[in-house]
Amino acid sequence: MLLNEIIFQTSPWYVGLCLLLGAAYAYFLYQPKPIWSKNLNILLAILRGALVSIIAFLLLNPLLRSIQTLTDSPKVVLAIDNSESVKNYAPTFLEALDKLRETLTDEGIEVAVQTLNSENYQEDITKLRFDRPTTNLSGLLSGAKSNYEGRNLTDVILLTDGISNQGLSPTYGQYPFRIHSVGVGDTLPKRDLSIKAIAVNKIAYLGNQFPIQADIVASGFQGQTATISLRQNGNTISSQRVTFGQKEDFKQITFQTTSTQKGVQHYVIEIETLKGEFTPRNNRRDVYIDIIDGKEKVLLLALATHPDIKAIRTILEKNLNYEVDVKIFGLNPSSETYPEKKYDLIVLHQLPDLFNVGGDILQRYLQRDNTPVFFILGTQSNTTKTSQLNSALSISANPGQIDKVSGRFNPNFRLLNLDPEKLTILEKMPPLTVPFGEYRLMPGSEVVLYQNVGNLKTNKPLLVINTGGARKSAVLAGEGIWQWRLEEYALTDKQEAVDELLQKIIQLISVKDDKRKFRIYPLANEYNVGDKVTFETEVYNDIYEKTYGQSIRLEITDERNKVQAYTYTNAEGNSRFELSGLTEGVYQYKATTSLNNKIENVTGQFIVRDLALESLNLTADFGMLRSLSQQSGGQFVRGEQIESLKDYLIKNKAPDRLDSTEDLSELIQNKWLFFLLLLLATLEWGIRKYQGSY
């Protein structure tokens with residue numbers, strides 16, 4: 001229903017004045033004796049009077065209020081948990097649920113079907129497949145809430161066993177509709193063995209021993225013994241026997257193993273199946289560990305012993321991928337010779353110095369392969385030589401002239417994800433000792449920290465980084481980091497802000513640039529069974545501008561050396577390629593394309609995991625479903641009682657809701673008024689023209 005109403009912004013009496021103005025204009029225009037008939041003269045006067053009156057009326061700027069009222073009938077959503085844990089129970093009740101939908105539709109209630117993996121299920125629900133590997137009941141109900149936001153959704157019928165293994169518990173949500181839970185499944189604990197959790201480091205080093213820990217839960221096997229095995233490539237690496245002493249028992253088993261192969265290694269932990277087990281599917285868990293060959297080598301080279309050395313080493317060694325060598329001139333005789341060992345990052349503390357200690361050795365380190373360098377200055381630093389050796393900061397200072405400053409984070413620094421609020425603590429730290437002089441940024445440098453002298457905020461940089469030059473460099477223009485770490489711990493009982501800042505700076509300058517012109521990589525390193533594996537493709541020309549139109553051949557190889565080949569074209573706006581239907585395992589990929597008549601290759605790997613979440617908990621949770629229904633004002637019934645919901649929903653059917661929308665606009669904005677005025681003017685002009693007058 002649509003209702004229109006004109007609203008005046010001035011006194012309605014002005015309408016009469018508009019009519020009077022139009023009548024007067026027409027009278028004086030057509031008052032002389034016409035050359036045509038009297039009736040025709042009256043018609044022309046009416047046309048001119050109407051035209052002038054309407055124009056005068058529009059000059060009053062009246063408003064048009066339109067009110068549209070729509071009828072929104074009550075709606076019900078059938079939310080069906082189509083996960084694997086209910087596939088032995090739920091299909092039995094789908095026919096009854098379908099009949100309930102037909103009955104409610106006949107009563108004028110709109111009914112929609114929603115599942116875990118779709119917004120609206122349009123097909124026959126009796127053919128629904130229960131194959132979802134996870135259950136997120138909170139997401140299912142929230143999806144119904146968002147899909148019908150502002151609509152007359154009154155009831156949701158939730159068919160489930162109450163087992164939710166992803167997302168929050170649905171009882172924590174607030175829903176603007178009644179939830180009627182239909183409980184299916186078995187609430188009695190099953191006689192079963194299962195591996196509940198695996199604890200393992202994602203990364204291990206080639207040849208090093210590493211642990212794999214499994215949490216075993218046993219129900220109903222008191223006094224029995226089972227064998228737990230660790231396998232790889234079908235071979236048993238190790239096994240342990242465990243005896244369960246209680247009806248409900250928990251055991252923690254740890255295997256120690258090593259690997260002589262690089263890359264992602266696939267291990268399997270498996271419990272032997274005992275007689276009477278409900279299901280053997282949760283007796284196995286897959287473990288994936290990335291075995292890497294060696295760590296990044298970092299050289300911490302210092303002029304002399306200093307508390308900063310210990311602090312910096314501690315920060316570096318928090319990253320398990322760093323292998324740190326500390327060499328101090330004058331203290332370690334071996335440090336005064338130039339070793340053949342190659343480093344990925346060099347940290348220089350108060351080097352180069354005023355007395356050029358070890359200058360030749362330092363120069364040889366810096367001439368090797370443009371190794372990134374982090375300069376930490378102090379009272380013994382030679383600022384002139386430091387300025388020559390780094391690409392980030394130039395300092396002009398006289399030896400012996402120092403200043404005491406604290407740090408202030410630069411909020412415009414965007415190269416790293418740092419929390420400005422957390423870094424405000426740096427302004428409370430004890431002052432660092434810095435050279436006093438003139439500071440000048442090198443081209444391409446970014447300021448991370450500025451200097452504060454007492455309460456005075458200056459624009460002098462304290463920590464600067466440059467990642468654009470041939471050699472990546474960072475400069476911390478002061479000594480005393482050890483005091484910052486101690487003070488932060490005294491204030492917060494943690495050492496996070498300072499350590500995180502320096503860790504990320506070091507990682508940023510030590511990361512190796514990828515100069516390849518052809519790159520293809522999965523958007524994630526790990527996927528779950530059922531997920532789509534998405535590859536991103538990047539192709540560059542000689543000046544590293546993205547180009548498109550290349551034909552890409554992608555080969556995927558599974559653990560059985562079975563190869564699947566795909567071909568696609570890298571197009572602008574569509575540079576991604578998706579795969580689906582991959583089973584669990586470690587996959588190697590190889591991508592090939594032709595650039596400038598040269599074949600380019602990219603290789604890598606990714607993991608597809610089968611979490612088997614649906615087999616970890618097999619006991620239906622009707623208690624949660626009762627609580628959920630009670631909170632929302634709905635009903636809880638078992639699967640065989642679905643018919644009782646029909647009478648309840650019909651008896652408590654909500655009335656249709658009237659939704660009204662109001663629109664307020666200027667009347668002159670209506671296009672039909674223009675055509676009306678044009679019609680009036682055209683008729684008058686046409687008649688006068690036809691009668692031989694202008």
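The largest cavity here has a volume of about 40 Å³. A word on terms. A cavity is a set of points, on a 1 Å grid over the protein atoms alone, where a 1.4 Å probe fits but cannot get out. Grid points are joined across faces, edges and corners, and the volume is the space filled by probe spheres set on the points. This is a predicted model, so local features need pLDDT of at least 70 and side-chain atom pairs count only at pLDDT 80 or more, while totals for chains, interfaces and linings use all residues. Residues are numbered from 1 along each chain as its sequence is written, and side-chain values use heavy atoms, with hydrogens and water left out.

What lines the largest cavity? Pro74, Val76, Ile109, Thr154, Asp155, Leu649, Asn652, Lys653 and Ala654 do; lining residues have an atom within 4 Å of a point. By class, that is five nonpolar, two polar and two charged residues. The classes are simple: Ala, Val, Leu, Ile, Met, Phe, Trp, Tyr, Cys and Pro are nonpolar, Asp, Glu, Lys and Arg are charged, and the others, Gly among them, are polar.

The search of the whole structure finds two cavities of 30 Å³ or more.

Now the parallel sheet. Helices (H or I, at least four residues) and strands (E, at least two) are DSSP runs, numbered from the N terminus. Two strands pair if DSSP finds at least two bridges between them. This sheet is open, with five strands in the order E4-E3-E5-E6-E32 and parallel pairing. Its edge strands are E4 (110-115) and E32 (636-638), each pairing on one side only. The twist averages 20° from one strand to the next. For angles, axes are lines fitted to C-alpha atoms, for helices over the stretch in contact, and values run from 0 to 180 degrees between N-to-C directions. Strand E6 (178-183) and E32 run parallel, joined by three bridges. Valine 182 stands opposite valine 637 in E32.

Two helices go with this sheet. H3 (94-106) packs on it, touching E3 (75-80), E4 and E5 (153-160), where contact means heavy atoms within 4.5 Å. The direction of H3 makes about 170° with that of E3. H12 (642-651) lies across E5, E6 and E32, at about 165° to E6.

Next, the mixed sheet. It is also open, with five strands: E25-E31-E30-E27-E28. E25 (526-528) and E28 (563-569) stand at the edges with a single partner strand each, so one side of each is left without a neighbour in the sheet. Neighbouring strands are turned by 30° on average, direction ignored. E30 (585-595) and E31 (598-609) pair antiparallel over 11 bridges. Lysine 590 has threonine 603 in E31 as its bridge partner.

On to the hairpins. E21 (446-453) and E22 (456-466) run antiparallel, with six bridges. Asparagine 452 is bridged to lysine 457 in E22. Two residues lie between these strands, and glycine 454 takes a positive phi near 65° in this hairpin. E22 then joins E23 through a hairpin of six residues. E22 and E23 (473-476) are antiparallel too, with four bridges. Asparagine 466 pairs with serine 473 in E23.

Helix pairs. H1 (13-30) and H2 (38-58) pack at about 145°, with axes 7 Å apart. The crossing is right-handed, meaning the near helix is turned clockwise from the far one by less than a right angle. Among the H1 residues in the contact are Leu19, Gly22 and Ala26; H2 brings, among others, Ala45, Gly49 and Val52. By class, the contact has 14 nonpolar, four polar and one charged residues.

H5 (307-317) and H9 (481-492) come within 7 Å and cross at roughly 65°. Pro307, Asp308, Ala311, Thr314 and Ile315 of H5 meet Ile481, Trp482 and Arg485 of H9.

Last, one loop. Most residues other than glycine have a negative phi, and most peptide bonds are trans. Where do the exceptions sit? Proline 352 lies in the loop between E17 (345-349) and H6 (359-366). The bond from leucine 351 to proline 352 is cis, with omega near -5°. Asparagine 356 is found in the loop between E17 and H6, with a positive phi of about 55° although it is not a glycine.

Note on methods. On a 1 Å grid over the protein atoms alone, a cavity is a set of points where a 1.4 Å probe fits but cannot get out, and a pocket is an open set with protein on both sides within 12 Å along at least five of seven lines; lining residues have an atom within 4 Å of a point.
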